[in-house]
Amino acid sequence: MSSHETRPCVPDLKKERLKCDFNVEELTNLIDGGKEKTALRRKLRSVISSESAYIDPIPPEYMSHEDQFSNELRKTCHTAMLMNKQNIDIKTLQLSKAYIGVLKDGDPLWVHYHVFIPSITGQSDPEQQKIWMEKIRTWKIFGTYAQTELGHGTFLRGLETTATYDRETREFILNSPTITATKWWPGGLGHTVNFAAVMAQLYVGGKCYGPHMFMVQLRDENTHESLPGVTLGEIGPRFGLNTNGNGFLRFDHYRIPRRNMLMKHAQVLEDGTYVKPSHSKLSYGTMVRVRVGIVRDTCIQLQQAVTIATRYSAVRHQSELIPGEPEPQILDYQTQQFKILPQISSVFALFFAANSVIDAYYSVTAQMDLGDMSLLPELHALSSGLKALSASDASRGVEICRLSCGGHGYLASSNFPRLYTQTTCAITYEGENTVLWLQVARYIIKSYRSAQNGNNLKHSVSYLSKQPRPVRGDLSNNGLLEAFKAAVFKLVSDTEGRIQRVCAKGQNYHMAWNQCSLQLLKCAEAHTRFYVCEQFVRKVEMAKGTENVKKILKNLCRLYLTHHVSVNSGDFLKSGSLSQNDIAVLEEEMCSLLEVLRPQAVSIVDAFDFDDGQLNSCLGCWDGDVYQRLYDEALKSPLNKTDVPEAYYKYLRPLMQVGLKSSL
Ligand SMILES: CCCCCCC/C=C/C(=O)SCCNC(=O)CCNC(=O)[C@H](O)C(C)(C)COP(=O)(O)OP(=O)(O)OC[C@H]1O[C@@H](n2cnc3c(N)ncnc32)[C@H](O)[C@@H]1OP(=O)(O)O
Ligand SMILES: Cc1cc2nc3c(=O)[nH]c(=O)nc-3n(C[C@H](O)[C@H](O)[C@H](O)COP(=O)(O)OP(=O)(O)OC[C@H]3O[C@@H](n4cnc5c(N)ncnc54)[C@H](O)[C@@H]3O)c2cc1C
């Protein structure tokens, strides 16, 4: 039973928590990765919670753009000081979930910690690392990752910023030849960082060697003024993440030393000799790493959204389920359960997928450090697919959770607007989703063809070697995984067939690819969905713990499988892997799972273990006192400071005094 039960809450939530038939703490430990990690997270959280510096002077939505930025910069710098004082590694804090809720709408140093530093550690040689990491550790250097340009985001090979080697002075000259070459978007670039890892086209002796990364000082280390030859600024308000300090940057023949090229993989020697990397895409390594991290981040964002939606659905009463009876909790409506419970199952699916891709990342990079690049294409496809799937599932999930809260979900004080803008941007950054799906498709089609030519395939695509033959009527988890394989196989073989047919009609391959790209997207998503389902099934099979926690996991896993079969039923029917009757049976099972899981819903989201400060939502508080909170929050509006606002005297009263001359 939940250890939280004794804390006061409204009767509806108390009733829900009393229904709990599993050990909430055990589930919390599982999500944290063990008891010790839960303890560490809570310890960090208690350090954070007791800091008055994290209290916003007024709700940030009422602050100006400039004040919002300044307020968050104040908090993020305070964190660095605090962690330093407490001797805690800041990464430990950020990876532990304890930090959630401190920064409200972005973090001017997020890209520094999570993109810039990994670029230095992953792309520079040991000597460079030693110099730069020392300055990073002592807070002399704060940096960003400056890749995207006004005219070029997705297509890296099309970047316009140039880094031309001057053999005489042994320097690179960085230049932004056109307006479209302006770096645009890098987080913290506006006014926070003083350095950047800049992606630019390398030119040596008149020859272009493609995009490479350079360490570039942008601002004076003492005055913070931008250096001559560098033009910097902020790109203005955004859909969300308004305190990230996203900026622009232009170079005017700006010189940097030769050794400021990040030289772990490729080098330019003093005499201008170019030493190529052992794999042409190693300079894209930071993106692979960040994509892997996004799976976990979006999973946590969905956890927050579904916690709010579930608690609110237990507190909110509406309409009549049975005529004449009291208004039921909206969570009792099957349609409401269908909005919320699949999102809870999605959290667990993304959680297990995130863990598996993180493991894959570390094992593949360890092999790459030994010189074996053979697994990089598979890792690129896996990380691209999971980034795209997690970002789109979580964004859709957050929006469904918002809609499930009716009108109140539209209030800023529900925290859904921020959760949504923080999640949906992951569809765009680190590789726009469509573009990444097409990268996955490229890998799948290549693998399929390779198998047709009798070659062995890598583990994650090995099922594309030969037509899977699922056992008819086997609707067990393993049976459904076989059906998934068969459905993906059919999609892939049909798509490849179509590409070949278009080519046979005389179309060139690239145009044929474009003409089949809707189908290619389906292949990529179906393949990645299969991977997520398989991980879910295997991780639940292996899960240790009490029977009741295992039962929750099994039911959530089953809900995930049946839901995704139902959503994609056409693919299963077309491949013949499931019959219409199978689909009907599975859809009925999905409905009964909603009923089975409904009584445990509040306790499952309690296990995500967010405190009220983290959820920052009137609708999602532990005690469920939503109406009082909504009312109190509304009173904070500056418009409520006076009964009659200034604007009345300026605009409305003069209008009322003139009166309407024409008839309506
Ligand atoms: C508080 C919250 C804060 C939020 C902060 C957010 C921070 C965000 C930061 C950013 O967004 S940084 C900028 C990120 N930008 C991107 O991700 C750009 C996306 N574009 C690309 O990655 C590439 O341009 C491309 C789309 C992958 C295409 O690259 P390219 O044109 O060079 O390759 P192709 O010709 O398509 O393929 C060639 C070959 O290379 C393989 N490949 C591509 N990428 C990789 C990789 N990363 N690793 C390994 N291999 C890669 C590709 O699969 C092809 O292989 P083959 O099929 O030829 O074998
Ligand atoms: C919040 C946020 C933070 C960011 N932070 C950083 C940062 O720190 N550093 C940095 O360098 N960048 C950053 N970016 C930029 C980000 O990486 C790019 O926006 C992203 O890579 C997409 O590129 P784009 O904007 O040029 O989109 P585009 O590539 O122009 O995409 C526009 C449309 O074209 C489609 N499209 C493009 N190419 C193809 C194709 N080959 N096939 C089919 N369709 C295609 C896309 O699917 C999309 O629908 C950030 C962006 C955001 C939103």
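Below are questions and answers about residues, ligand shells, domains and strands.

Q: What kind of model is this, predicted or experimental?
A: It is a predicted model.

Q: Why is Glu430 called buried?
A: Glu430 has 25 other C-beta atoms within 10 Å. A residue counts as buried if 20 or more other C-beta atoms lie within 10 Å of its own.

Q: Where is Glu430 found, and what does the UniProt annotation call it?
A: Glu430 sits in the loop between helix 11 (416–428) and helix 12 (433–452). The UniProt annotation "active site", from an unreviewed entry, covers Glu430. Such annotations may be inferred rather than shown by experiment.

Q: What makes a residue a contact of Glu430, and which residues are in contact with it?
A: Two residues are in contact if their C-beta atoms, placed from the backbone, lie within 7 Å. Leaving aside neighbours within four places in sequence, the contacts of Glu430 are Met287, Val290, Arg291, Ile294 and Lys387.

Q: Why does Glu72 count as buried?
A: Glu72 has 25 C-beta neighbours inside 10 Å. With a cut-off of 20 or more, Glu72 therefore counts as buried. Glu72 lies in helix 4 (residues 65–86). Apart from neighbours within four places in sequence, Glu72 is in contact with Leu103, Gly106, Asp107, Pro108 and Thr243.

Q: Why is Lys636 called partly exposed?
A: The count for Lys636 is 13 C-beta neighbours inside 10 Å. Exposed needs 12 or fewer and buried needs 20 or more, with partly exposed in between. Because 13 falls in between, Lys636 counts as partly exposed. Lys636 has its place in the loop between helix 21 (626–635) and helix 22 (646–658).

Q: How do you know which residues belong around ligand 1, and which come nearest?
A: A residue is near a molecule if its C-beta atom, placed from the backbone, lies within 6 Å of it. There are 29 residues around ligand 1, of which Leu156, Lys281, Tyr284, Tyr429 and Gly431 come nearest. Two or more residues come from each of helix 6 (110–123), helix 8 (285–315), helix 10 (376–404) and helix 12. Helix 12 gives the most to this shell, with four residues.

Q: What is the make-up of the shell around ligand 1 by class?
A: The shell around ligand 1 divides into 14 nonpolar, nine polar and six charged residues. At least three residues come from each of domain 1 (112–277) and domain 2 (289–632).

Q: Which residues come nearest to ligand 2, and which elements supply the shell?
A: Of the 23 residues around ligand 2, Gln147, Thr148, Gly153, Thr154 and Thr434 come nearest. Helix 6, strand 1 (143–146), helix 11 and helix 12 each supply at least two residues of this shell. By class, the shell around ligand 2 has eleven nonpolar, ten polar and two charged residues. Each of domain 1 and domain 2 gives at least three residues to the shell around ligand 2.

Q: How many residues make the contact between domain 1 and domain 2?
A: The protein chain is divided into domain 1 (112–277) and domain 2 (289–632). The contact takes eight residues from domain 1 and nine residues from domain 2. On the side of domain 1 that touches domain 2 there are four nonpolar, four polar and no charged residues. The centres of the two domains, taken over C-alpha atoms, are separated by 36 Å.

Q: How do you know that strand 2 and strand 3 pair?
A: Strands pair if DSSP finds at least two bridges between them. Five bridges join strand 2 (residues 162–166) to strand 3 (residues 171–175), so the two strands pair, and they run antiparallel. One bridge partner of this kind is Glu171 in strand 3, for Asp166. In the hairpin of strand 2 and strand 3, Arg170 takes a positive phi near 55 degrees.

Q: What makes strand 4 and strand 7 edge strands?
A: Each of strand 4 (183–184) and strand 7 (230–234) pairs on one side only. They belong to an open sheet of three strands in the order 4-8-7, with antiparallel pairing. Strand 4 and strand 8 (residues 247–251) pair over two bridges, and in strand 8 the bridge partner of Trp184 is Phe248.

Methods:
Residues are numbered from 1 along each chain as its sequence is written. Chains are lettered from A and ligands numbered from 1 in the order in which they are written. This is a predicted model: local features need pLDDT of at least 70, side-chain atom pairs count only at pLDDT 80 or more; totals for chains, interfaces and linings use all residues. Domain bounds come from an automatic or database domain assignment. Ala, Val, Leu, Ile, Met, Phe, Trp, Tyr, Cys and Pro count as nonpolar, Asp, Glu, Lys and Arg as charged, and the others, Gly among them, as polar.
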